[in-house]
Amino acid sequence: MTAPATQRILPIRREYNAWVADETLEDYALRYAPLGFRKWSFSRIANTALGAVSFLALEAIGGTIALNWGFTNAVWAIGLVALVIFLTGLPISYYAAREALDMDLLTRGAGFGYIGSTITSLIYASFTFIFFAIEAAIMALALELWFGLPLQWGYLLSSLVVIPLVTHGITWISRLQAWTQPVFVVLLLTPFFFMLVREPELYVAFTEFGGRHGNSFDWLAVGAGCTVAVALISQIGEQVDFLRFLPPPGRRNTLRWWASVIAAGPGWIIPGALKMLGGAFLAFVALQAMVPPDKALQPTQMYLAGFGHVVDDPRAAVALACVFVIICQVKINVTNAYAGSLAWSNFFSRLTHSHPGRVVWLIFNVLIALMLMLLGVFEALEQVLGVYASVAVAWIGAVVADLVVNKPLGLSPRHIEFKRAYLYDINPVGVGSMLAGSVLGIVAFGGHLGAAAQAFAPFISLGTAFVLAPLIAWATGGRYYLARPRETQWRPAQQLRCVVCENRFESEDMAQCPAYGGAICSLCCTLDARCRDRCKPAPGLFGRLAARMAGWMPSPASARVARRVGQFLLVFSVCSLVLAAVVALVYQQELIAAEAGETDLGIAFVRIFAVLVLLAALGIWWLVLVNESRRVAQEESERQNQLLLREIEAHRDTDAKLQQAKEDAEAANAAKSRYVRGISHELRTPLNTILGYCQIMLRDTDLPRRRRDAISTIQRSGEHLLGLIDGLLDIASIEAGRLQFRREEIRFGEFLAHIEKMFRLEAVRKGLDFRSEFSDGMPEVVQGDTGRLRQILINLLANAVRYTERGEVRLKIAWRSETAVFEICDTGCGIAQEDMERIFLPFERGTGAGVASVPGTGLGLTITRLLVELAGGQLTVEQHAGARQRVPRQASPAARCPAEAGAAARARDPRLCRPPPLPAGGG
């Protein structure tokens, strides 16, 4: 399967704003983490990721489970949740660290598709701002306890203090985690250690704590406890945000690499489970200190009670508890805010084709969390996490099923493909299994499938998604994983320049874009709104559904209508689900308030109004980004049109200049030719007269020797000058493009006899043997230019006769494959190897003995080679001198091409003499 041919889009360089262009701020949001950026030490990565266990929601969850279901059921619930989180987190952490991808990019290639993973980005973003709100609310309670600061101001301060710490991404976060880790560990363990030493009976009493429903083991109680705790399964996404910067595995670091993957990945749940048990114990200690049950679930009150067993001064206990809570909340909320900024970036970049920068989404995420704090999210912690858990575990279950089942069985590609250019928008494997698991889990959590199903609703979601993912992959044949294969195989970590932004990135972050005709980086590919996925040869799932709907409609515009209807149904369904979740949250809060006798209808409407305002803000911001993306695409199209017009105009100017240059060159060549011919005419007339008189005078046998020598000298000088004129005239004709080859019949036998007779007399006069050899099968008639062929042979044979002092000159003609091969050999002294090419240069005559006494201009071989090459032949020379000439035979009426000329020299005489001179050209 290959991409269809498509018209290329003219690349327009995309300039990013300062935030997006600065990777210190951006941390490769929306991108693969390049090898050059993965230089963090294993210990630093592990230490940074383990900072996630500082969040005090763990203690709150543990306390909630213990107060509701007792010690025994709490231990079983926490242990079961820890096992599930560890097993699901291990393959996710492994693939993320190996492929250098965050949770969103990993989800794309693990069965969800390019747009399908936006749903999971929203789920992940919800996790970050829900837990951010919970943690910041805990910090606000600590500020209220220590400084008397009102909760609303505490919420604001707890939210805004995080922003400057997260703007510079993992660089500052890792430093913060490293600096605060020792203080955090000491303050965390201090109350437990002092109570173990001073009052060990508290631990014994805690094992008998029964909570509201007794301490006897009950599977339904265990399931109910798991429902709250299993929502922490999404924490693996935050761990992956750091693991993608882990150096790649190698032979020398295998053990350290795996240790870091486990410690910073699924290993977080081990200290996390201990913290949940610690929270359950501290809630029990707070109850012993006469703290009301609803207050005992607050981590601030838990650690205040714990530090009360460390120091006797209540003010010192408050200070220690508040310092510890503030450190914990800062450590975890920088991670929540950072992860949320990545999740929102991924979510909106694909829907709007716009990316204002990760820092913008950081502020956005913090503001949403602030709104939730003002709505009292901490009051409905158990209900919020219960609903959220059903969706989160379905997402993780679908991803894990693809990684541990589909890929090993070959139901999905072995590698994780995350780039838009190669993915379908929707992959039913992940999206379908997650939606089915979520719906079934929420229905079960609502009590519609019985008490047992209600208690284990998250596990129903997890199991449903895990089983359906392989089944859907098998049923669809895995066809929705890759929209097209990779055409180009670049080297790993090869640096490539993006055709759009013109920045360099590693090959793993690049795709071959047929629309732009080059390599494009993943960010430019994500944000491009002009290509409309031209690189994908077949429509995705929604495209096929829209096409099927269009087939049911009679209108010519049915395809457009079907696409609009599909988009409307999708957006309407999502908005309806969000509104239902918001109303359910407010309703749940009112039920809790009604049980406490604090129902206030006005507060309920204020909460609904606040949430709707928040949703309206999200929608408006979405429309703003969509409009901005459309404006950018329109500007790029306009710039493209302007560049095309400029290119067309430039081509026209170039064509006009080339035409003018051609005309000028032709005029100049014609003028030069006329000039040379004029000079030739003016010189030939007196030269021919002089040469004629010389020939007449030399016939006089009574002429004195001295006068005969003088007349011979004049004759040779005249012949030399005449040869120079002929050579210059031929060169001028060739340069002017006026040299033409006439096609005419040549009576080959008579032609060769004439050439042989001409040079045999000259050779005999010098005392040389002249031999001619003709092969059998010679044609009687050939096609060619008689004059040019005669000129070529005369130049070559004249050189052979003139520069051979003794021995012989041999002319051999062979007929091979409709081609005449002329071979001219002599017994001259030869040519030095370094002078082989110089013999074809004009005016090269050499300086050897006898050369100066032989007339010639040094243009004979120059003209000969030009004529041969213009006729389509070859002229070559070998030790010692010689030539080969080829003429095509007219075998049929179709063979009407000019003579094809060529030459080759062969060494015939083994005798060597002094370093030979260069031969003069024929005159």
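Predicted model: local features only at pLDDT ≥ 70, side-chain atom pairs only at ≥ 80, totals over all residues.
**Ground rules.** Local features need pLDDT of at least 70 and side-chain atom pairs count only at pLDDT 80 or more, while totals for chains, interfaces and linings use all residues. Residues are numbered from 1 along each chain as its sequence is written, and side-chain values use heavy atoms, with hydrogens and water left out.

**Totals.** I looked up the secondary structure and found 30 helices and 12 strands; helices (H or I, at least four residues) and strands (E, at least two) are DSSP runs, numbered from the N terminus. The protein has 923 residues, and 52% of them count as buried (under 20% relative accessible area; exposed is over 50%, partly exposed in between, with a 1.4 Å probe and protein chains only). I then took the contacts (heavy atoms within 4.5 Å) with a separation of 6 or more: residues 24 or more positions apart account for 79% of them.

**H5 and H6.** I next checked how helix H5 (residues 103-112) packs on helix H6 (residues 116-147): the angle is about 135° and the axes are 9 Å apart. Axes are lines fitted to C-alpha atoms, for helices over the stretch in contact, and angles run from 0 to 180 degrees between N-to-C directions. H5 and H6 are therefore oblique to each other (angles under 35 degrees count as roughly parallel, over 145 as roughly antiparallel, 65 to 115 as roughly perpendicular and the rest as oblique). On the H5 side I listed Asp-104, Thr-107, Arg-108 and Phe-112 in the contact, and on the H6 side Gly-116, Ser-117, Thr-120 and Ser-121. Sorted by class, this contact of H5 with H6 has one nonpolar, five polar and two charged residues. For the classes, Ala, Val, Leu, Ile, Met, Phe, Trp, Tyr, Cys and Pro count as nonpolar, Asp, Glu, Lys and Arg as charged, and the others, Gly among them, as polar.

**H7.** In helix H7 (residues 151-160) I noted Gly-154, Tyr-155, Ser-158 and Ser-159 as buried. Viewed down the axis of H7, the buried residues fall within an arc of 125°, so they line one face of the helix; the arc is that of the directions from the helix axis to the C-beta atoms.

**Positive phi.** Ala-100 is not a glycine, yet I read a positive phi of about 60° for it. Ala-100 sits in the loop between helix H4 (57-99) and H5, and at 0% relative accessibility it counts as buried. Met-290, also not a glycine, has a positive phi of about 65°. Met-290 lies in the loop between helix H14 (269-288) and helix H15 (293-296), and it is exposed, with a relative accessible area of 70%.
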